[in-house]
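Hi,

Here is the structure I promised to pass on. Have a look at it first, and then read my notes below.

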Amino acid sequence: MNNITGELLRTVAGIDGPIQGAYNIREDGQCTGRQSTEHIRIESKITEPGIDIYISSQAQGETVYIPACVSHSGVDDLVYNDFHVAEGADVVIIAGCGVHSDGQEEARHNGIHRFFLEKEAHVLYQEKHIGTGGGSGARRIDPVTDIYLAEGAVLEMDTIQLSGVDASDRKTSATLSSRARFVVRERLLTDGKETAATDFTVALDGEDSGVDLISRSVAKGHSRQSYRSTIIGNHRCTGHSECDAILSEEGSVVALPALEANHPDAQLIHEAAIGKIAGEQLLKLRTLGLTEQQAEERIIAGFLK
Amino acid sequence: MLKLQHLAWDLPDGEEIIKDIDLTIPDGKLIVVTGPNGGGKTSLAKLIAGIETPSSGRIIFDGHDITDCDITQRARLGIAYAFQQPVRFKGITVRDLLELAACAPLSEEALCHLLGNVGLCADEYIDREMNASLSGGEIKRIEIATVLARNARLSIFDEPEAGIDLWSFSRLVDTFEELRKTHGGTLLIISHQERILSIADAIVVVADGRVRQAGPRQEILPTLLSDALSTRCPRSQNTGGNIHE
């Protein structure tokens, strides 16, 4: 593992030294480290690049790390990772992706993840994206996530992308059975000429299933963002989509939340708010002694916390 | 000491909001500014805090001309301001805001003391975000607590009673009284409440952009309670005011 990868791993997955528990580390399209545990088994796929992660029902409170890093330009990494989470398992999955560009060619990671959560399983999935390096080649991260939640299963997805990724295109789809819940907390900061697109499609197929999508983003410089969400209520269910975006300088944001209710007891809500930092917020913090710039930074830091 | 010298503020369309106000406010006193709605009380407070810029006149604070100082500079010089209609923040907790106000990390005990002064229990509030999950009254009380946390030389409270329930208001009045005894700074409170007027060292009546009356409570309050204001034309006087210690 090279130094750039080491730094990226520290940033995206908090890895700094030996890892306790199961892990698979991917560097420039290759596996550079793997460990299975008694309850979490990681195996290479045979027909395509990637891994299968099998999490048994006995896995309770365990953490599995599956970060991926691209450490130089000219790498286009495509990986398929499937998570098979058995009934009643309760785990934390720390993913994350760092892309470093030091040349003129593009550096890209495209992770295609599928989650199969069996009955009453619970997963907290944490994912952090970052781009580094001074190369002119674009740093791209294009995650695709497909989620299948069985009865009573819960997936909490916490994603964050705060700097250096020139372009990202996130596509997430989820299908929920009865009483299943899908919770997303997305935080996104773009600057310069970066672009970021997010697209969620959630089908609430089961009775009393629910989804809560919350996206908070800041578009600075000349960056552009788009947030699309489609919640489809096919049964008695609850769905909520919220996109809050702060514009700074010449940043722009498109928010397109869509709802489709195909059942009389589907309760679906969407909210979207886009605008500059409220002047009153800046005034309040300035009356506490902060400069305007400090106030803006503090508001953004809190917003994206 | 705060001195306002021929202070005036006009809107861009020329409407005069504050008209040639002369006022001296001594240190260490509890001063209540009162008067009819729309008379210029909040505008006057915002001019002092630097939120608005006067069209003419000077503002002298502790011997320094702060007329050209911005909000941040005035805050750092020791002027604190509690907004009449506080703002909410997503992602900033009550603790965050109080620590920003205090410019230092605060112990649980200190947080408990600050929030207790406005009738809130720290255990229930310090980790809550300053967002829409808090009621208007709760946000208002936290706003007041941020000014208490500043421990400023001049603390301005714009209608602290607005939106606060009776019990919390009663606690707040006690807090202002305690502060008057223990805090060396000046408290400038915009209020219509008789209970707050009754604890003032001095009262300033502002109407139609001018200081109509200013003086010791014992002198001013009886005239207010006699309802004299409601029967007199607010444009009739401009006394200016020097509040003597």
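Where the two chains touch, chain A puts in 18 residues and chain B puts in 19. On the chain A side, helix 2 (279–287) and helix 3 (292–303) each give at least two residues. Helix 2 of chain A has the largest share of that side, with seven residues. If you sort the chain A side by class, you get eight nonpolar, five polar and five charged residues. Keep in mind throughout that this is a predicted model.

Those two helices of chain A also meet each other. The axes of helix 2 and helix 3 of chain A come within 9 Å and cross at roughly 115 degrees, and the crossing is right-handed. From helix 2 of chain A, the residues in this contact are Gln281(A), Leu282(A), Leu285(A) and Arg286(A). They meet Glu292(A), Ala295(A), Glu296(A), Arg298(A) and Ile299(A) of helix 3 of chain A. By class, this contact has four nonpolar, one polar and four charged residues.

Chain B has a helix pair to look at too. How do helix 3 and helix 6 of chain B lie, roughly parallel or roughly antiparallel? Helix 3 (residues 94–102) and helix 6 of chain B pack at an angle of about 30 degrees, with their axes 7 Å apart. Angles under 35 degrees count as roughly parallel, and therefore helix 3 and helix 6 of chain B are roughly parallel to each other. Their crossing is right-handed. Helix 3 of chain B brings Val94(B), Leu97(B), Leu98(B), Ala101(B) and Ala102(B) to the contact, while helix 6 of chain B brings Ile142(B), Ala145(B), Thr146(B), Ala149(B) and Arg150(B). The residues of this contact divide into eight nonpolar, one polar and one charged.

Now for the insides. In soluble globular proteins, nonpolar side chains tend to be buried together. The largest nonpolar core here has 91 residues, and Ile31(B), Ile156(B) and Val204(B) touch the most other members. Helix 6 (residues 136–150) of chain B turns up again, giving the largest share of this core, seven residues. Another core, of 59 residues, lies apart from it, with Leu9(A), Ala107(A), Ala121(A) and Tyr125(A) among its members.

Helix 1 (residues 41–49) of chain B is mostly covered, since eight of its nine residues are buried. Those buried residues are Lys41(B), Thr42(B), Leu44(B), Ala45(B), Lys46(B), Leu47(B), Ile48(B) and Ala49(B). Just after helix 1 of chain B comes Gly50(B), with a positive phi of about 90 degrees.

Which residues other than glycine have a positive phi? One of them is Asp62(B), where phi is near 50 degrees. You will find Asp62(B) in the loop between strand 4 (56–61) and strand 5 (64–65) of chain B. Asp62(B) counts as partly exposed because it has 14 C-beta neighbours inside 10 Å. Asn151(B) is not a glycine either, and its phi is positive at about 50 degrees. Asn151(B) sits in the loop between helix 6 and strand 7 (154–158) of chain B. With 16 C-beta neighbours inside 10 Å, Asn151(B) counts as partly exposed too.

Cheers

How values were computed:
Residues are numbered from 1 along each chain as its sequence is written. Chains are lettered from A and ligands numbered from 1 in the order in which they are written. This is a predicted model: local features need pLDDT of at least 70, side-chain atom pairs count only at pLDDT 80 or more; totals for chains, interfaces and linings use all residues. A nonpolar core is a set of buried Ala, Val, Leu, Ile, Met, Phe, Trp, Tyr and Cys residues joined through C-beta atoms within 7 Å. A residue is buried if 20 or more other C-beta atoms lie within 10 Å of its own, exposed if 12 or fewer, and partly exposed in between; C-beta atoms are placed from the backbone. Helices (H or I, at least four residues) and strands (E, at least two) are DSSP runs, numbered from the N terminus. Axes are lines fitted to C-alpha atoms, for helices over the stretch in contact, and angles run from 0 to 180 degrees between N-to-C directions. Angles under 35 degrees count as roughly parallel, over 145 as roughly antiparallel, 65 to 115 as roughly perpendicular and the rest as oblique. A crossing is left-handed if the near helix is turned anticlockwise from the far one by less than a right angle, and right-handed if clockwise. Two residues are in contact if their C-beta atoms, placed from the backbone, lie within 7 Å. Ala, Val, Leu, Ile, Met, Phe, Trp, Tyr, Cys and Pro count as nonpolar, Asp, Glu, Lys and Arg as charged, and the others, Gly among them, as polar.
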